[in-house]
Number of protein chains: 2
Amino acid sequence: MIEKVDLTSKIDEKQYKLLMKDYEKKLASLQREIKDNDIPLILVFEGWGASGKGTIINRLILPLDPRGFRVYTTNYFTEEEYLRPFLWTFWVKTPERGRMAIFEKSWYRKVLSDRVDKGIKGEELSNAISDINTFERQLADDGSIILKFYLHISKKEQKKRFEKLQSNSSTKWRVTKEDLKHHQQYDAYVDVINEMLERTDSEHAPWTVLEANNIDYATIKLYVKIIETLEERLRKIKENTSTSDSLPSTAVESSSGFNVSNSILSSIDLSKSLDKDQYHLKLQQYQKKIRDLEHEIYKRRIPVIIAYEGWDAAGKGGNIKRLTENLDPRGYAVIPISSPTPHELSHHYLWRFWKEVPKAGHITIFDRTWYGRVLVERIEGYCSDEEWKRAYKEINEMEKQFVNFGMVVVKFWLHISSDEQLQRFRTRQNTPEKQWKITDEDWRNREKWQQYEEAIDEMLVRTDTTYAPWTIIESNDKRYARIKALKTVIDALDERLKQ
Amino acid sequence: MIEKVDLTSKIDEKQYKLLMKDYEKKLASLQREIKDNDIPLILVFEGWGASGKGTIINRLILPLDPRGFRVYTTNYFTEEEYLRPFLWTFWVKTPERGRMAIFEKSWYRKVLSDRVDKGIKGEELSNAISDINTFERQLADDGSIILKFYLHISKKEQKKRFEKLQSNSSTKWRVTKEDLKHHQQYDAYVDVINEMLERTDSEHAPWTVLEANNIDYATIKLYVKIIETLEERLRKIKENTSTSDSLPSTAVESSSGFNVSNSILSSIDLSKSLDKDQYHLKLQQYQKKIRDLEHEIYKRRIPVIIAYEGWDAAGKGGNIKRLTENLDPRGYAVIPISSPTPHELSHHYLWRFWKEVPKAGHITIFDRTWYGRVLVERIEGYCSDEEWKRAYKEINEMEKQFVNFGMVVVKFWLHISSDEQLQRFRTRQNTPEKQWKITDEDWRNREKWQQYEEAIDEMLVRTDTTYAPWTIIESNDKRYARIKALKTVIDALDERLKQ
C-alpha cells in the first residue's frame, strides 16, 4: 500500500501560499462551527521519524483559536500508564464536545514501534487492533469525528533528514539511537505499517497517507481532508435539522422488544438469611482473608474492579463498608457515582469511568456504575433509545478490555423486594439521623419499580459474560448479603491468583 | 519534642468501643455539615514505618460518606512529578470546597525521608520548608481546614511490628530494605522529625503527635482533634452569620490606598514602531533563534512560563502566534484562560494554574493568567477586597517557587492607548470574519478603563520582582510589539542557559 504512494508529489511555493491563505481562514471558521455544533474532533498523526509531524501540526494549529484544541505527544508510556489498559491514556484525553484533540503519536504506538520493539504478535496483536477499532467506533458513535494521518517519506529522504539534523549542534540530539535503528528496519516497518493501515482503516476513522517528502504538499492535503470532512458533517447536521420536523425518525425503535416473560429477578429467593453468630464468625474470617488477598494482588500487580448496583436502599453502603473495613486504604478506593456534572456530560458517557480505572495491584469499588446508562438514563430518557441499546455492547467491550489487561471484574446486583424497600424508606424517614439518606427522587424512582425491573432483567441478560459475570446478591437480609458479597470477591480473587 | 511523648498511653477496649460509637456518628454528621458549609478539609498522616497509618485511616473513613473524601498515598514521586515543582503533586489534589482529602504521606516526604536519603539541607531545605508553610497558609487563607498527624511509635515497638510482618508470608514483602534502613537510623530521624514539627507547626495547620504504640488510643485522639476543630469552625461560622448584620466588618478596608500619582502606564512611549522590512527580517531571525532555544531548554530540562496580560484587543493572540509559529508543538502549549468554570471556582483560585505548570523542558504560554485576580476579579467584585489584596503576596510566592525550581518566568503586559483600542474595536465590529472577537463585555470593560489603569499600575508595582519581572510591551504598533516580545523571551532564555 504505502510503497505505491507517489512521493514525488509536490506543490510550488507560490501556489501553496495562495491556497493556504484561503484554507487557514476556512479552518478557523470551521473550528467555530464545530464548537457551536458540539462536535468533538480527534486528529491522529503518525509517521516515520523526521517525516515532519511537528512542523505539520504547527501549521495546522496556527490559524486555530487555542481555546479550542490541545496537542498531546506520546513519546513513550509512563509507569503510571503501563499499570493500566493501554487505551486509558487516550480515553482520559478524549476532547469535550466542540473541542479538538491532536495526537502526535497515539494509541497506534502499540501496533507500530511497540509491536516491533516488544515483539507483539498473535493474540496480543489481534486484541490490540480490536481494542483500537472498538475505541474509535465508540467515539464515532458518540459523535466524534476522527481523522488519522500517516506522514510517509522514502528511506532515502529519511536518511537525508537525519544527516541534516545531525549536522547542526542544536538538533543533533534529536536523532536517537532508536531512530537510526528504525531507519535500518525501514523495509520491515513498511509491512507493519501496511498491516496497521489495512486493519484499522474504517469509514468512521479513516487513514490518509500524506506524501511528506514535500511538506507543503502534505500540508495542503491535510487541510483539504479536514475541511472536506468537517463541511460534510455540518452539511448533514443542517439537513437533519431542516427535515426532522417533517419526517418521522425510522432509525430508533420506540420499544425495547426485550422479552421479560421469564424475569430473572422474580426467580430470586429473597428469604435467604444468616443468624447473628454465624454472621460475626464469617465476617471476621472473611475480612481477614480479604486483607491477605489485597496484599497478594498488590504483589502480583493484579487490578480489580468491584461494581455495585442495586435498588435504592438495598444496602450498598453498608455492604461496601463490611468489604473494606479491614482493608488497607492504600490499596483500594471507593468511587461513588452520582448524576454526571456538566463537564462529565460533555464527554462520552464512559469517559468518567475510564478515568477511575484502577492501577495494576489496586482495587476500585464503584458505588453505582456505567450501568446507569441502561437503568436510570434509559428510564428517565436522559439518553436516546439508540444510545442505551448500543450501550450493552459498548459496556461488554469495555469490560473485555479490562479483563484482557488482566483485571478481575466483579459485578453485584443487590436485590430486595418492593415491600422491603418500602419498609426501609419509612425507617429512614422516621429516624432523624437517617433522613438525609432519603429524597423525593427515591420515592419517584420507586413508582417506576416495574420499568426498572424490566431494564434490570435486560441488563442482567445482555451483560452477563464469561469474563465479567453478574452476581445477584439476595439482600432482604443484610447479613446474608454482606457475607455473600465478601465470599464472591474472595472466590474471584482466589481464582485469579491461581492463574 | 517527640522523645518526650508518653508512649505508654492507652485505652481499654470496652471504653474505646463505647467512645467510638459516639464519635463515628458525630464525624459522619460533621462531614455533612462541612459539605453544607463549603469547607475543604485536608488531613495529613505522616509517621514511622509500621506505625499503623493504614489502619488509622481506615478507621477514620469507615463512618464517612465516600462521596465526600479521597485518600491519596505518596509512596514515591513519579517521573512526571519530579519534572515539576514538588508541591504541584499536591496542589492538583487539593479538595473542592465541602470535600476532604486525606494524604497518607504527603509533601512532608521532601523534608523527611527525601531529606535523609537525598541529603537535602541548607538553602534547599529552607526553601522546601518555606514552600510548605506558604502552601498551607494559602490554603488556610482560602478557608481550608488543615490538620496534620504524626504517628509515633518507639524503636522497640517498630522492631516488634516489623518482626511480626516478616513472620507472615503474605505480609513479609511489606517490610522493605528501606524500612529496615530507616529503623537503623531511628535516632537520627528523631532529630529530623523534631525539626520538621517545629518549623512547620502553625495555628492554621497544626501538628498533632499520635501515640501509636496503642492504636486505639491514637484513634480516639485523632477523632477528638478532628471533631473539636470542625465544631470550632462551624461555631465561628454561625457566630459570624448571626452578627454580620449588626456589626460592621473592620477587617477589610474599602479602598486600596495605593498611590497612583506616578502612573507607570502613563509614562510608556506608545509611539514606538517598526517598519515592514525590518519587521520581516527580525521576525525570521528571531523565530529561527527561538526554535534553537526551545531545543536547548528541552535538552537542559528547563521549564518556561510565558505569561501574557494586556488590554482587550492589545494583540495578545497575534503576538503569541508569531512567538510560536516556528516552534515545535511538542515542546510548548498555549493555555487560554477565560472565566473559571463552576468546578474551578470550587477550588483555590491558583489551583487551575498549578494544574498547567509546565514539565521541565517545556514551555507553557498563558493567554491571560492568575493576574486576573487583581484585575477583572478585583474590579468586577468577583472576590473580596481582602482576597485580591492578599493575592499580590500569594502570586509572588507562587512565582518564587517556580523560579526556585529552575523555571524561567516571563510576564508581558501588552499596552495600547485607549484611542487605539477604540479603533480596533470598531474594525472588529465592521469586519464580518472578526465580529466574533468583539463582545458586549469588551465594551463594558472599556468603560472602566480608568479603574483598570489603577489596578494594572498597582499590579505592576507589587508583583515586579527580581525573579519574575514584568515587561511592558508597547503595542500600538503590532510589529514592534511582536518583535519586542520575541526578543524578550530570547534574552531571558539565553540568560538562563548561561547559568
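Which hand does the crossing of H7(A) and H8(A) have? The crossing of H7(A) and H8(A) is left-handed, a term used where the near helix is turned anticlockwise from the far one by less than a right angle, with clockwise giving right-handed.

This is a predicted model, in which local features need pLDDT of at least 70 and side-chain atom pairs count only at pLDDT 80 or more, while totals for chains, interfaces and linings use all residues. Residues are numbered from 1 along each chain as its sequence is written, chains are lettered from A and ligands numbered from 1 in the order in which they are written, and side-chain values use heavy atoms, with hydrogens and water left out.

**Helix pairs in chain A**

Helices (H or I, at least four residues) and strands (E, at least two) are DSSP runs, numbered from the N terminus. Axes are lines fitted to C-alpha atoms, for helices over the stretch in contact, and angles run from 0 to 180 degrees between N-to-C directions.

| Helix pair | Residues | Axes come within | Crossing angle |
|---|---|---|---|
| H7(A) and H8(A) | 155-167 and 177-184 | 11 Å | roughly 160° |
| H17(A) and H18(A) | 418-430 and 440-447 | 12 Å | roughly 165° |

The residues of the contact of H7(A) with H8(A) comprise two nonpolar, four polar and three charged; Ala, Val, Leu, Ile, Met, Phe, Trp, Tyr, Cys and Pro count as nonpolar, Asp, Glu, Lys and Arg as charged, and the others, Gly among them, as polar.

H17(A) and H18(A) are likewise described as roughly antiparallel to each other, and H17(A) passes H18(A) in a left-handed crossing. On the side of H17(A), A:Ser418, A:Gln421, A:Leu422, A:Phe425 and A:Gln429 meet A:Asp442, A:Trp443 and A:Arg446 in H18(A), and the residues of this contact divide into three nonpolar, three polar and two charged.

**The five-stranded sheets**

In chain A, five strands form an open sheet with parallel pairing in the order S7-S8-S6-S9-S10, two strands being paired if DSSP finds at least two bridges between them. Strand S7 (332-336) and strand S10 (470-474) of chain A stand at the edges with a single partner strand each, so one side of each is left without a neighbour in the sheet. Neighbouring strands of this sheet are turned by 20° against each other on average, direction ignored. Within the sheet, strand S6 (residues 304-310) of chain A runs parallel to strand S9 (residues 408-415) of chain A and is joined to S9(A) by seven bridges, and A:Val304 stands opposite A:Val408 in S9(A).

Chain B has an open sheet of five strands in the order S7-S8-S6-S9-S10, with parallel pairing. In chain B, S9 (residues 408-415) and S10 pair in the parallel sense over five bridges, with B:Trp413 opposite B:Ile472 in S10(B). Helix H12 (residues 316-324) of chain B lies across S6, S7, S8 and S9 of chain B and runs at about 155° to S6(B).

**Relation of the two chains**

A rotation of 180° with 0.0 Å of shift along its axis superposes chain A on chain B with an RMSD of 0.0 Å, the copies being superposed by least squares on the C-alpha atoms of residues with pLDDT of at least 70 in both. That is the relation of a two-fold axis. Of the interface residues of chain A, 100% are also interface residues in chain B, so the copies meet through the same surface.

Methods. Parallel < 35°, antiparallel > 145°, perpendicular 65-115°, else oblique. Contact = heavy atoms within 4.5 Å.
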